[in-house]
Amino acid sequence: MKKYIIAAALIIGTGAIINTTMQSCTTLATSDIGLSIIKRLLLNGIDKGMNVYSNRDAFLQNNMVDKALPKHLRDINSMLEKVAPSLVAKERAYIADAAVYTVNISKPILTNAVNSLNAQDVTRIINGEKGTATLILKEKTAQQLIAAIAPKVDEQLNQYGIVKSINTALSGSNLLGSLLGGNKATVNAGGLSQLASEQLVNGIFNIVEDYEIQNSKALLGPLGK
């Protein structure tokens, strides 16, 4: 009987220790220190993304950016590869130029969102899967970012006349109508700029998320993550 009593006491005692440890991690995570660590993690990821976007060649070579290519734009490029392969390279280069052009617009929006994170956001990050911090940042800023950079992207693409070149290359193609819906026979300038803007925004989040996942164990481990 005494053995059972001792065993029960050990289990209760261990449970108390585990519970205390979990409470300590939660308290630390939602403290100013925990919030500061999470902010630094995201800000470092943003800096990495901005470094890529500030460098035309780095942007073109980054697979996280390529993964962010919207389906419609990927389909348009697949069509162009068949009739004007060089035009695809020019389009990608012009979007890379637009990326450089929009860094100073995107970074303040992202930075302000990180600095506005609160205890509820931190609790969600600690309790969530890897990548939750980036997901919260995306929820807070994605639409704002697209709205902010789309006019600048449109300005850059129109400056190079890329939309006209694409339409000329695809003129007479029945595939364009089925791709874009209805009886459309041309790529709309605003539509192409919107797709390019979506790629730029989603590419940033891909880079930030990758940084978060790669570094979360080292930086968030003390918080119980």
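Okay, hi everyone. Before we look around, remember that this is a predicted model: local features need pLDDT of at least 70, side-chain atom pairs count only at pLDDT 80 or more, and totals for chains, interfaces and linings use all residues. Residues are numbered from 1 along each chain as its sequence is written, and side-chain values use heavy atoms, with hydrogens and water left out.

So, what's in the chain? There are eleven helices and zero strands. Helices here are DSSP runs of H or I with at least four residues, strands are runs of E with at least two, and both are numbered from the N terminus.

Now, burial. We call a residue buried under 20% relative accessible area, exposed over 50%, and partly exposed in between, using a 1.4 Å probe and protein chains only. Of the 225 residues in the chain, 40% are buried.

Next, the core. A nonpolar core is a set of buried Ala, Val, Leu, Ile, Met, Phe, Trp, Tyr and Cys residues joined through side-chain atoms within 4.5 Å. The largest one here has 55 residues, and Y53 and L137 touch the most other members. Several helices each supply at least two residues, including α2 (32-54), α8 (132-160) and α11 (189-220). Which helix gives the largest share? That's α6, with twelve residues. As general background, nonpolar side chains in soluble globular proteins tend to be buried together.

Let's zoom in on L137. Contact means heavy atoms within 4.5 Å. Leaving aside neighbours within four places in sequence, L137 is in contact with L42, I46, L110, A113, V114, F205 and V208. And across the chain, among contacts between residues at least 6 apart in sequence, 84% join residues at least 24 apart.

Beyond its neighbours within four places, N77 is in contact with L69, V88 and E91.

A84 is 81 residues from S165 along the chain, yet their C-alpha atoms are separated by 9.8 Å.

Last stop, α9. Here I162, V163, I166 and N167 are buried. They cover an arc of only 135° around the axis, so they sit on the same side of α9; that arc is taken from the directions from the helix axis to the C-beta atoms. On the other side of α9, K164 and T168 are exposed.

That's my tour, thanks!
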